[in-house]
Amino acid sequence: MNLSFSFIIPVYNRPNEIKELLDSLRLQTYDKTFEVVIVEDGSTISSEEVIGEYVDVLAISYYKKPNSGPGDSRNYGMSRAKGNYFIVLDSDCILPPQYLVEAEKSLQEDFVHCYGGPDAAHESFSTVQKAINYAMTSFLTTGGIRGGKKAVDKFQPRSFNMGISKEAFKNVGGYGNIHPGEDPDLTIRIWNKGYRTKLISEAFVYHKRRIDWNKFYIQVNKFGMVRPILNKWHPETKKITYWFPTVFCLVLLFSVVFGLAGYMFPIYVYAIYFLLLFVDALRKTGNLKVAFLSLMATAIQFFGYGYGFLKSTLYINFSSKKPEEIFPKLFFRVN
């Protein structure tokens, strides 16, 4: 297939981030033309001036629209893109120079209509960002649940770094209005149409994620809340592993109670687990402070996701209301 790439990037009040991303796109070693589609999603802090600095070095298509969420903004961009293969990115990503070369190489060797790439921590990231990145990608946390080469389930592309063909986009209908959760919902519908997905390990991005603990908690809590909704919409995708963070937290709570009563074995098991986490984080990051903060990031991740998952499961299964009525803040209105 003669591939023609269009990057699809929704942006909301993040001109500094889009500048870093455009810098990395400008430094791509790919020797063919590619398009950059930027969709300003109702921002009150415009990126127009920053984008104007790159119109002479990148083929940029820039659109402004009322705020309707990242999913609808991606659909908006893809429906106007000139390429036949779309690469969806979050605005807080930075690409290594070889990204497009590796993506095209993999697609030429084994073409799929949808792929995902992993994320990594750039050396310029803060220690908190690196710790959060570890918690979100490690197989010892929920990295195996999210999908990957060593995953417990087949790989689900995530829209911070996701490729989708124009054919698949048109056939499936693009993203829905749930957020977060719009990317696994799209992936499941892609599978249901008979398309394959795969992980392209070499097509990774540096993903900044959230920059403080509170924002990280809110993010993972929402991840937990949307999963029961996706399970209701796509019951064939239910997995017992989605209960892991909830069970982890509940058992930890009981372990503390047992410990106060003098039965310490469960506490020792958790201590060993967190020690393994620390050693693994230290081995992978080479930074003692990041390794310690990775323990906090993992605890926040498990509690935030686990609590959100349990709360949503109870509401979704014991209420006659639709998910949109129960959790309106998880859905964008699309005009």
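How are α10 and α11 oriented to each other, parallel or oblique? I looked this up in a predicted model, in which local features need pLDDT of at least 70, side-chain atom pairs count only at pLDDT 80 or more, and totals for chains, interfaces and linings use all residues. Residues are numbered from 1 along each chain as its sequence is written, and side-chain values use heavy atoms, with hydrogens and water left out.

**Entry 1, the helix pair.** I find that the axes of α10 (residues 244–260) and α11 (residues 265–285) come within 8 Å and cross at roughly 130°, and the two helices are therefore oblique to each other. I noted that α10 brings Val 247, Phe 248, Val 251, Leu 252, Ser 255 and Val 256 to the contact (heavy atoms within 4.5 Å), while α11 brings Pro 266, Ile 267, Tyr 270, Tyr 273 and Phe 274. Sorting these residues by type, I have 10 nonpolar, one polar and no charged.

I looked next at α5 (residues 127–137), which is mostly covered, with eight of its 11 residues buried (under 20% relative accessible area). The buried residues are Val 128, Gln 129, Ala 131, Ile 132, Asn 133, Tyr 134, Ala 135 and Met 136.

I checked the peptide bond that joins His 179 and Pro 180, and I record it as cis, with omega about -5°; Pro 180 is found in the loop between α7 (166–172) and α8 (182–192). In the loop between β1 (5–11) and α1 (15–26) I came to Asn 13, which has a positive phi of about 55° although it is not a glycine.

Terms used
Axes are lines fitted to C-alpha atoms, for helices over the stretch in contact, and angles run from 0 to 180 degrees between N-to-C directions. Helices (H or I, at least four residues) and strands (E, at least two) are DSSP runs, numbered from the N terminus. Angles under 35 degrees count as roughly parallel, over 145 as roughly antiparallel, 65 to 115 as roughly perpendicular and the rest as oblique. Ala, Val, Leu, Ile, Met, Phe, Trp, Tyr, Cys and Pro count as nonpolar, Asp, Glu, Lys and Arg as charged, and the others, Gly among them, as polar. Buried means under 20% relative accessible area, exposed over 50%, partly exposed in between (1.4 Å probe, protein chains only).
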